[in-house]
Amino acid sequence: MDVAILGCGAIGTEVARAIDRGEAGPVRLLWVFDKHRERAEELSRSLRSRPKVAGEIGEILADGEVELVMELASQEAVREYGEKVLASGKDLLILSTGALADPQLLHRLLEVKGERRIYIPSGAILALDALKACQLAGIEEVELTTRKPSSSLGEPAGLLFEGGVREAVEKFPKSINVAATLALVVGAEKVRVRILSDPSVERTVHELRVRSKVSDFFCKVESWPFERNPLSSKITAYSVVRLLRDLTETLKVGT
């Protein structure tokens, strides 16, 4: 499978290096793109495969070999490039799912995609397999509590937000993709979000509580951050790598 990466920050770099090491299976990275071109050039030079550096997104969209374009950049990148990628006949992976809290954008992407596919990695949240299964039987309540180190947020300790997904994404666009991903599975109206600034934690902590007609469960994950970007977690990058590997494997384990 031939792919391109949009966004050469901490996550994009980690995914590119994992592909270069063969950890994503039979995947070739053909292009890298970043609005800060020097980042893409530096990343390309560091890889054995030496992917091409795109000066603009059109170069990637015009390449008939590219099958999948991965957005590993920002919600703005989803809004700016998502429809163009799908309209060009390529599949799209979206990491910045907070952008999809906008129902109009989500509708446009689904409308333009045709036979193309949109992939959403699990990111920094656990138990999506169980949540998707429970959704078929009926979800009663989903509660997400996110605790972030006060030092990384620059906010005083305490409860910063409590409410729905769309409001959470508007107030904390760089910190709440997890809530948006949950909403894609069960519906935004079923998800309640709490965000806390916590000086007692060193890493971002997500706590998920689910009540459904077939199972109730609780899970907690502490995400190791990237040194170069403490707001991004390493497990998020590896969820992308795992998704790539699953796309090319014949034995599928898990939902």
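Trainee: Which residue of β9 is the bridge partner of valine 142?
Mentor: This is a predicted model. Strand β7 covers residues 139-149, and eight bridges join β7 to β9, residues 191-198, in a parallel run. Within β9, the partner of valine 142 is valine 191.

Trainee: In which sense do β7 and β10 pair, parallel or antiparallel?
Mentor: Strand β10 spans residues 204-212, and eight bridges link β7 with β10. The sense of the pairing between β7 and β10 is antiparallel.

Trainee: How many residues of β1 are buried?
Mentor: Strand β1 is made up of residues 2-6. Asp2, Ala4 and Leu6 point one way, Val3 and Ile5 point the other way, and all are buried.

Trainee: What is the handedness of the crossover from β1 to β2?
Mentor: β1 pairs with β2, residues 28-33, in the parallel sense over five bridges, and valine 3 has leucine 29 as its bridge partner in β2. Between β1 and β2 the chain passes through helix α1, residues 10-20, and this β-α-β crossover is right-handed.

Trainee: Which residue in β4 is the bridge partner of leucine 6?
Mentor: β1 also pairs with strand β4, residues 68-71. That pairing is parallel, over four bridges. The partner of leucine 6 in β4 is glutamate 71.

Trainee: How does α6 lie relative to α9, roughly parallel or roughly antiparallel?
Mentor: The axes of α6, residues 128-137, and α9, residues 177-186, come within 9 Å and cross at roughly 30°. Angles under 35 degrees count as roughly parallel. Therefore α6 is, relative to α9, roughly parallel.

Trainee: How many residues of the contact of α6 with α9 are charged?
Mentor: From α6, Leu128, Leu131, Lys132 and Gln135 meet Thr181, Leu182, Val185 and Val186 of α9. Of the residues in this contact, five are nonpolar and two are polar, and the number charged is one.

Trainee: Is leucine 243 buried or exposed?
Mentor: Leucine 243 lies in helix α10, residues 234-248. Leaving aside neighbours within four places in sequence, leucine 243 is in contact with Leu93, Tyr119, Ile120 and Pro121. Buried means under 20% relative accessible area. Leucine 243 has 14% relative accessibility, so it counts as buried.

Definitions and conventions
Residues are numbered from 1 along each chain as its sequence is written. This is a predicted model: local features need pLDDT of at least 70, side-chain atom pairs count only at pLDDT 80 or more; totals for chains, interfaces and linings use all residues. Side-chain values use heavy atoms; hydrogens and water are left out. Axes are lines fitted to C-alpha atoms, for helices over the stretch in contact, and angles run from 0 to 180 degrees between N-to-C directions. Helices (H or I, at least four residues) and strands (E, at least two) are DSSP runs, numbered from the N terminus. Angles under 35 degrees count as roughly parallel, over 145 as roughly antiparallel, 65 to 115 as roughly perpendicular and the rest as oblique. Contact means heavy atoms within 4.5 Å. Ala, Val, Leu, Ile, Met, Phe, Trp, Tyr, Cys and Pro count as nonpolar, Asp, Glu, Lys and Arg as charged, and the others, Gly among them, as polar. Buried means under 20% relative accessible area, exposed over 50%, partly exposed in between (1.4 Å probe, protein chains only). Two strands pair if DSSP finds at least two bridges between them. A crossover is right-handed if, with the strands pointing away from the viewer, the path from the first strand over the helix to the second runs clockwise.
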